[in-house]
Structures are given as C-alpha cells and as structure tokens.
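Subject: Structure handover and notes

Hello,

Here is the structure I said I would pass on. My notes on it follow below; please read them with the structure open.

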Amino acid sequence: MPTTLPGTAREVRLAAAPDGLPTAADLTVAETPVRPPAAGEVLVRNSHFLVFPGLRTLIGGEAGGDVPLPPLHAGDVLFGSAVGEVVAAADGGRLRPGDAVGHFLGWREYAVVPEDGCTVLDGALPDPVAHLAQGAAPYRSLTRLTGVRAGDTVLVTGASGAVGTLAGQIARLLGAGRVIGATGSDHKARRLVEELGCDAVIRRDHGDLDGQLAAAAPGGIDVLLDTTGGPLLAAALRAARQDARFALVGAVSGQLDAGRAGGSAPVELDSFRIVVKGVTLRGFSATDLPAAEAEWTTRFGTWLRSGEIRFPYVRVPGIDAAPRALQEVMAGRHFGAVVVEV
C-alpha cells in the first residue's frame, strides 16, 4: 500500500431533484475525503467513466423494484461504468496496486470498491476505454434474443447512440444483409452511412415513418434492435415481415421526455399484427448479461484489432465538465458513447 494517499478528491453529486430533464445546474462537483481501503476493498484512481442516459430514470424518482439499480436522491454521488488503476489494496486480497480494473463507481476521481465489484482488465481489448463500450447488450440481444440470419434486414433505432452505433455493426458482422439505422439529424445520418456502413437511415424528425421504412426496406424488416420505444417501435411493427424478431433494449423515448420522470415509455402496438405476422418481442434484461459478456469481450477485441468494428465515442476532458456532459447526453447532442476523462 502506498505510504501516502490524496487527502481529498472530487466527485459528482446530485444537487437537487431536477424539474424535467436534468441539467448541469442540478449536479455539483464536491470535494470528499479519501479513505484507505478496508479488508476486501481496493482504492481505484479512475481514468475514465461513462455518461449514460439511463441515469435519467434513477434521478427522476421512478426507479422502482423492476430497475436493478438504486434511485439517486439529492446529495447522492452519481455512479456508472468506469475504468482505472488500483492504487491501494488491503493485505491478502487478490488485487494489487497497479492492476487495471473496471467497476461501477464512476463519477469520482477515486473510488473505494469492493474487490468482488472489480473486473481485471486483462488486455482482451486494445484500449482500456473500450471496456466502457455499450456493446454487450446489443450483442446478447442479436445473438440470443433475436438471432441474425444470413441476409436479414435489421433495423436499429437510436442508431447514433452508445448502444446503436455498435448494434448496427454487430448485426452486419453476424450476417445481416441490410442494416437500417434511425436517428434525428443530418450529421448523424451521414456518419451512420459513411463511417458505420448503414445501408439506409430513417429520420425520426422527418415524419412519415411508414413511408421512410417502406423505401428503406421494401421487403420489410426481419430483426429490430430497439433502444427508443415510442413511434419508431410501432412503425417497425407495421413493417415487420413474417416471423420477425424484435429485441427491446431501451426506451429512451420515455426516459428523455421532459414531461415524464424516466420510468415509462407508453406506445400503442397493433396486437393483431403481432399475431398474424408471428412477431416475437423480447425485452433485454441486464441480469442476463454476464453469460454473454465474456464472449462479447473476446469477439469485440478481435473485431477492433482487425478493424472490422469501430467504437465511436466522445471524450470529455475533466470531471468538472461531467455535469455539462450529462446535460448534452440528455439533449442527444453526441454521436456514440460519451466518456469523461478524469
């Protein structure tokens, strides 16, 4: 264990319950004492952490028993995926200073983390920051919940977000014949086609979703990887081919609705069409993730090194910029994941 540790470190706390979508003013960066780790703990100096829109549900007061994460109240420190280096460890533990680890106590410079809450970063990915990529959920959904068959037409909603930018690429690598993304700006649409290889893009802000889908997928869609819910989910059902398979991974149409509190995303679906088309709809559960995570990490590392996949992300410098980064994520400003470099 090092002889000296920093006396204090900064962390991001929820200053007050937001009225609508959280803004930078609802968060505060505070100094807190740094304590040495006790038995079974390590002290990690975080290098990067992820800013993710699911915080909206935890902050909004509607994180109930169905959500596997605790709600956030005024004064609480935010949390989320992070990577860093162990700088202190109690005697007798499996982790030692210098170990690179991932854990879920981001939004702070230093974190005291239980050893069993740490994952050792063993070099499977070429860049430690890639461990913050949100690819395990779409990978599991496209391999377990829907399957992707050779030649399938796959629609990805929220295709320019942290999950969506990887989902379309994964679908292609699994054999999809046509990949269609849905997004909300010309800039993002161009990047989906030019950088990530989408065959067509649906603009949710252009209206006539049915007409756009008919033009992009005249034969209908076989697979949906849905991160948004809302009107795009309903339109995808109307465009479904016989025996189409839908994986519902997120519901940001509700989470990022300023008139809601982040815990609901109502949408009207045509149950008659579900029946006659034989459509399956399966919701992704984070509790099912560990079984596929190791497989995803291995394949992701191989694809990254071969250049077959990209990990698009925006790097935000400094923990002081984290509150603004969350506000920008809620506004949908960025393409790909948003990572704060501590």
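A residue is called buried here when its relative accessible area is under 20%. By that cut-off, eight of the 10 residues of helix H2 (residues 136-145) are buried, so H2 is largely enclosed by the rest of the structure. Please keep in mind that this is a predicted model.

The buried residues of H2 are Ala-136, Ala-137, Pro-138, Tyr-139, Arg-140, Ser-141, Leu-142 and Leu-145. Their cover includes helix H3, strand S11 (221-226), strand S12 (240-248), strand S13 (280-283) and helix H9 (290-306). Just after H2 comes Gly-147, with a positive phi of about 70°.

Ile-170 lies in H3, which spans residues 164-173. Its relative accessible area is 0%, so Ile-170 is buried. Which residues does Ile-170 contact, leaving aside its neighbours within four places in sequence? They are Gly-135, Pro-138, Tyr-139, Leu-142, Trp-296, Trp-303 and Ile-309. Among these, Pro-138, Tyr-139 and Leu-142 are also on the list of buried H2 residues. Ile-170 and Ser-185 are 15 residues apart along the chain, and their C-alpha atoms are separated by 22 Å.

Aromatic pairs

The whole structure holds seven aromatic pairs. One of them is Phe-79 with Phe-104: the ring centres are 5.7 Å apart and the planes are at 50°, so the pair is tilted. This pair links distant parts of the chain, 25 residues apart. Phe-79 sits in the loop between helix H1 and strand S4 (82-89), while Phe-104 sits in the loop between strand S5 (100-103) and strand S6 (110-114). Phe-79 is buried, at 8% relative accessibility, whereas Phe-104 is partly exposed, at 33%.

Ring pairs also join Tyr-139, Trp-296, Phe-300 and Trp-303 into a cluster. Tyr-139, Trp-296 and Trp-303 from this cluster are among the contacts of Ile-170 described above.

Strand S15 (residues 337-341) is mostly covered, with four of its five residues buried. Strand S3 (residues 41-51) runs antiparallel to S15 and is joined to S15 by four bridges. Strand S14 (residues 313-317) runs parallel to S15, with five bridges between the two. Val-338 in S15 has Val-51 as a bridge partner, and Val-314 stands opposite Val-338 as well. From S14 the chain passes through helix H10 (residues 322-330) to reach S15, in a right-handed β-α-β crossover.

Is H10 largely enclosed or open? Seven of its nine residues are buried, so H10 is largely enclosed by the rest of the structure. Those residues are Ala-322, Pro-323, Ala-325, Leu-326, Glu-328, Val-329 and Met-330. They pack against strand S1 (8-14), strand S2 (27-33), S3, H1 (55-60), S14 and S15. After H10 comes Gly-332, whose phi is positive, near 70°.

Thr-153 is in strand S8 (residues 153-156) and is buried, with a relative accessible area of 11%. Leaving aside its neighbours within four places in sequence, Thr-153 contacts Arg-178, Ile-180, Ala-217, Gly-220, Ile-221, Asp-222 and Val-223. Ile-180, one of these contacts, stands opposite Ala-200 in strand S10. Strand S9 (residues 178-183) and S10 (residues 200-203) run parallel and are joined by four bridges. Between S9 and S10 the chain crosses through helix H4 (residues 186-194), and this β-α-β crossover is right-handed.

Gly-230

Gly-230 belongs to helix H6 (residues 230-238). At 5% relative accessibility, Gly-230 is buried. Beyond its neighbours within four places in sequence, Gly-230 is in contact with Ser-253 and Val-267. The C-alpha atoms of Gly-230 and Ala-251 are separated by 7.7 Å, with the two residues 21 apart along the chain.

Regards

Notes
Residues numbered from 1 in each chain as written. Predicted model: local features only at pLDDT ≥ 70, side-chain atom pairs only at ≥ 80, totals over all residues. Heavy atoms only, no water. Buried < 20%, exposed > 50% of the residue type's maximum accessible area, 1.4 Å probe, protein only. Contact = heavy atoms within 4.5 Å. Pairing = 2+ DSSP bridges. Right-handed = clockwise from strand over helix to strand, strands pointing away. Phe/Tyr/Trp six-rings, centres within 6.5 Å; stacked < 30°, edge-to-face > 60°.
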